[in-house]
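Then read on for a short tour of a few places in it.

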Amino acid sequence: MSPYDPSPDRLTPARFATLFRASSRVLWCVAVGVVGDRAHGEDIVQEAALVALGKLDTFRPGTSFAAWMGQTVRYLALNHRRKVRRRQVALDAEGTRLVPAGLPGADAQTSFDRSVSNALAELSESQRTCLLLKTVVELEYAEIAALLEMPAGTAMSHVSRARAKMRALLEVETTPRKEAMP
Amino acid sequence: MSEPNDLDPAPAEDPIAASLKRQFSPPSLQAIEARVAAEAANLEADQLEADADDGETGPAGVPAAANEPRGWWMVAAAFVAAAALVLLIAWPTRDDAAPQGEPGPHAPPIAQTERPLEVIPPSTSERAGHQLDGFLRRGDALASADACGPREPPEVCDVEAGGYPHLPPAAAVTLLGECGGRSGTSCDTFDLPADRALLVQLSTGEHAIVCIEHPWTDPKPTLPPGSRYNLFRRELGAYILYEVTPRPEPEAAPLVRL
């Protein structure tokens with residue numbers, strides 16, 4: 001059974017483990033899309049799985065596992081993001097904020113990747129999550145819609161706007177340089 | 001599922017898409033999947049065992065002994081099913097699970113080699129009790145681990161522990177060390193049966209330890225006979241706290257806040 005299809009039955013622990021395994025990579029993308037930082041994706045997914053496993057009775061037969069787990073991951077990821085922001089405010093107040101140092105000698109790809117990462121951070125949470133799900137794990141719009149509990153058209157619109165904004169933000173990097181005229 | 005037409009299809013060789021794939025491809029999640037499978041198997045076994053216990057009481061008018069063989073079979077079947085489930089689910093079979101630069105799908109499963117005790121054995125309570133009893137007798141190695149002590153701004157500690165049980169900085173007991181949680185130090189390092197533990201100095205100068213667990217990973221420790229420590233249990237929100245202390249009353253666990 002696909003995690004995106006409505007499940008007619010209640011979830012047993014064994015069924016949960018099977019469906020979780022089938023969707024863990026997608027759930028990781030949702031977590032990273034919400035927090036905007038891949039460093040905490042695994043922690044959030046694991047915590048969400050253990051929380052959900054303890055609340056199997058809250059799963060409603062007739063709904064999809066992906067929607068149910070997606071909601072739990074988003075909730076925990078939002079909590080995590082809020083905590084990180086509060087912590088950052090505290091660190092800023094202490095004047096101890098760590099600013100990433102430039103990487104001398106970094107190659108062009110590394111530099112471009114950093115620009116892409118910065119541009120991704122400029123997107124809204126929904127745009128970022130939809131774009132990662134579509135681009136990185138190549139979900140269909142209907143699957144994104146089921147996972148994030150939104151219409152497929154909305155998911156498509158988020159991806160389209162995210163791509164447009166990314167291109168605009170990265171115009172300098174993606175536009176081929178013109179050779180200087182002699 | 002039928003796929004609607006893309007409003008703005010990405011070019012085949014879109015450098016942005018390529019960069020996103022490079023940077024945001026999910027890592028191998030086998031360790032997490034294995035842990036979830038183990039927890040699920042434990043839960044499944046507990047449920048079957050509970051069903052078996054219900055069966056042992058027997059229907060009205062039927063002696064409990066009449067159902068005993070069936071109960072034993074149910075318990076045995078539960079453990080066999082749990083073990084089979086862990087093997088079935090935790091075994092790496094998915095080809096796309098390993099990203100570039102990481103061991104392939106047929107490499108030894110990381111979770112199984114690093115944490116062979118994911119499936120809690122039947123003697124978990126006694127084992128956990130022995131670990132807790134031994135920890136304080138061995139000394140205070142945990143005191144050198146990360147802790148939100150006076151050397152850090154209290155607000156950072158509070159935020160770090162936000163939503164998690166934590167000792168307020170002004171508590172009457174002193175936090176000496178911490179493992180698990182977001183400390184960056186695993187409690188496995190100290191052979192502690194807890195996801196998170198706090199080593200504290202009590203008002204008498206003695207040391208005690210507070211273990212913080214989720215209900216689904218609760219080891220339900222029992223201290224070994226003759227232990228010089230006492231063990232106290234407290235439920236705090238969605239957490240279970242154990243204080244192992246030489247004192248006759250718990251001092252640290254009641255001070256822990258969410």
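## A glycine in a strand

Is G180(B) buried or exposed? Its relative accessibility is 8%, and buried means under 20%, so G180(B) counts as buried. Keep in mind as you look that this is a predicted model.

To find this glycine, go to chain B and follow strand β1, which covers residues 174-180. Which residues does G180(B) touch, once those up to four places away in sequence are set aside? They are T185(B), S186(B), C187(B), D195(B) and R196(B).

Now move to chain A. Two packed helices are described by the angle between their axes and the distance between the axes. Here the pair is helix α5, residues 125-135, and helix α6, residues 141-148. They pack at an angle of about 135°, and their axes are 10 Å apart. That angle is why α5(A) and α6(A) are described as oblique to each other. The crossing of α5(A) over α6(A) is right-handed.

Which residues make the contact? From α5(A) come T129(A), C130(A), L133(A) and K134(A), while α6(A) supplies Y141(A), I144(A), L147(A) and L148(A). Sorted by class, the contact between α5(A) and α6(A) has 6 nonpolar residues, 1 polar and 1 charged.

## A closer look at one leucine

L147(A) belongs to helix α6 of chain A. Its relative accessibility is 1%, so L147(A) counts as buried.

What surrounds L147(A), leaving aside neighbours within four places in sequence? Its contacts are Y4(A), V26(A), L27(A), V30(A), A66(A), A67(A), G70(A), R74(A), L133(A) and L139(A). Take A66(A) from that list: 81 residues separate it from L147(A) along the chain, yet their C-alpha atoms are 5.1 Å apart.

## Cysteines and disulfides

A disulfide is a covalent bond between the sulfur atoms of two cysteines. How many disulfides are counted over all chains? The count comes to 0.

Over in chain B, C211(B) has a relative accessibility of 1%, so C211(B) counts as buried.

Key: Residues numbered from 1 in each chain as written. Chains lettered and ligands numbered in written order. Predicted model: local features only at pLDDT ≥ 70, side-chain atom pairs only at ≥ 80, totals over all residues. Heavy atoms only, no water. Disulfide = S-S within 2.5 Å. Buried < 20%, exposed > 50% of the residue type's maximum accessible area, 1.4 Å probe, protein only. Axes fitted to C-alpha atoms, helices over the stretch in contact; angles between N-to-C directions. Helix = DSSP H or I, 4+ residues; strand = E, 2+ residues; numbered from the N terminus. Parallel < 35°, antiparallel > 145°, perpendicular 65-115°, else oblique. Left-handed = near helix turned anticlockwise from the far one by under 90°. Contact = heavy atoms within 4.5 Å. Nonpolar A, V, L, I, M, F, W, Y, C, P; charged D, E, K, R; others polar.
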